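I opened this entry to record what I looked up about cavities and pockets.

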Amino acid sequence: MAPSKVRAEQSEDTQVRIGVLGMGNVGAALVELIYRQHDAIAARSGIHIDIAKVAVRDLDKARSQTLPPGVLTDDSIDIIVELIGGLEPARSLVLQALAARKQVVTANKELLANFGSELFDASVRSGCALLFEGSVGGAIPLVRALRISLAGEQIRRVMGIVNGTTNYILSQMSEAKISYAAALAEAQSLGYAERDPTADVEGFDAAAKAAILAGIAFNADIALCDVYREGIDAIDVSDIDFAHRLGYEVKLLAIAERVDGLESKTKVAVRVHPAMLPVEHPLSAVKGVFNAVFVEGESCGELMLYGRGAGGEPTASALVGDLLDAASNIGSNGRDAHPFRVHVEIDPIDNLRAQYYVTVDVLDRPGVLASVATVFGMHGVSIRSMEQVGLSDEARLVFITHMAREADVQATLDGLRALDVVEHIGGLIRVIGPEL
Ligand SMILES: NC(=O)c1ccc[n+]([C@@H]2O[C@H](COP(=O)([O-])OP(=O)(O)OC[C@H]3O[C@@H](n4cnc5c(N)ncnc54)[C@H](OP(=O)(O)O)[C@@H]3O)[C@@H](O)[C@H]2O)c1
């Protein structure tokens, strides 16, 4: 194999050769950024990044940059940047690159959330880094902050708005008072939402990011299947109006928290769902497509990282940071190779204790309220407040519970569905913060 690191001419600077897999939104922005900023990056870091080769699926597509094909077989390439997305062939290519002792940088959240364990094992075996700052939070330096800046921290909870599309939709429902469907259509027309918005609105994208964040925050092996997930498609403007009256904002949150004490056996809960958050909470002020992650730790207290969570250019900015870290890992025998390793027990959603906002549409008949309240009581869910809103021959009952266990609330909803006076169970939103 050719030497993996050579000295740039006339200086002590380091030259690294990179191969980029994928030249879509992110890949093209990364290539442009490196071309534009090459000298400034070198002046600041002493590292010259040379783009040796790129790989794409369709060589005939028109592009702003043209570069020669053939990447993984080139022994002179030090770092592979995987920007293809999806599971295959991305997984196989990353494994091949690590086996060939190349450092790897990826922005592929789906890949890490599904195959992180396998890939990080391969990274450890090869002694080569697998870096992924661009996979969550776009330009926001979350991974480095959690892994390095907060390495001495006992993190209690990481709570974030990590999907710009859903935050845009909820912000528009909250501020412009438009329906979910209208806000989604607006997001699609502005290019913030895909034509098929499932991955965003049903919380899959946020769940993959939650798995990654939880993994770094708790130094743990956490996969997508460990994350409880709900999306925003059942949220109605009336739910948001109600939240406002109580002094809350509705946000889709990715939450990773340590559930038991701080002793040896770590138990972690990881979930994505809409939540009511006090308006004064810093995350409530995060509007539109912006992302933010709020960290609570034993020593650092509370801190928040905020910025552009997606888009080619912001993500490319994060990738350059990883490239510089990967460059300094060359020859260091895996200093940067294994970020999360510990097995942790996952606390199931059934064990969550929270207050709940629940709406129930019922037939407007005498005695209905008593039978509904009985079902809550049967499952030990205590009602803090109830409001009734008339809807012609139906009525909507809006409940806020006292602190309750998720399993008991779900059993209550099952019991309510079985009542013939119940037409529909609407929003179920967990309330974050001190008891109302
Ligand atoms: N877009 C964002 O805002 C954003 C933000 C953070 C992270 N990410 C992540 O970054 C990654 C890339 O996203 P993107 O938006 O740039 O995707 P994209 O626009 O769809 O680009 C994908 C690129 O991969 C190439 N490709 C597909 N299959 C290939 C194969 N078998 N071999 C070689 N190249 C192949 C495509 O080639 P052709 O050009 O020939 O089709 C295209 O250039 C994803 O993992 C995504 O989750 C994206």
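How much space lies in the second largest pocket? I noted about 370 Å³, in a predicted model in which local features need pLDDT of at least 70, side-chain atom pairs count only at pLDDT 80 or more, and totals for chains, interfaces and linings use all residues. Residues are numbered from 1 along each chain as its sequence is written, and side-chain values use heavy atoms, with hydrogens and water left out.

I noted the terms. On a 1 Å grid over the protein atoms alone, a cavity is a set of points where a 1.4 Å probe fits but cannot get out; a pocket is an open set with protein on both sides within 12 Å along at least five of seven lines; lining residues have an atom within 4 Å of a point. Points are joined across faces, edges and corners, and a volume is the space filled by probe spheres set on them.

**Second largest pocket.** I found 23 lining residues, with Glu257, Ala269, Arg271, Leu352 and Arg353 closest to the centre. Strands (DSSP E runs of at least two residues, numbered, like helices, H or I runs of at least four, from the N terminus) S10 (267-278), S14 (353-363) and S18 (422-431) each supply at least two lining residues. S10 gives the most, four residues.

**Cavities.** I counted three of 30 Å³ or more. Of its 10 lining residues, Leu131, Val143, Arg144, Arg147 and Asp322 are closest to its centre. Helices H4 (142-149) and H10 (312-329) each give two or more residues to this lining; the largest share, four residues, comes from H4.
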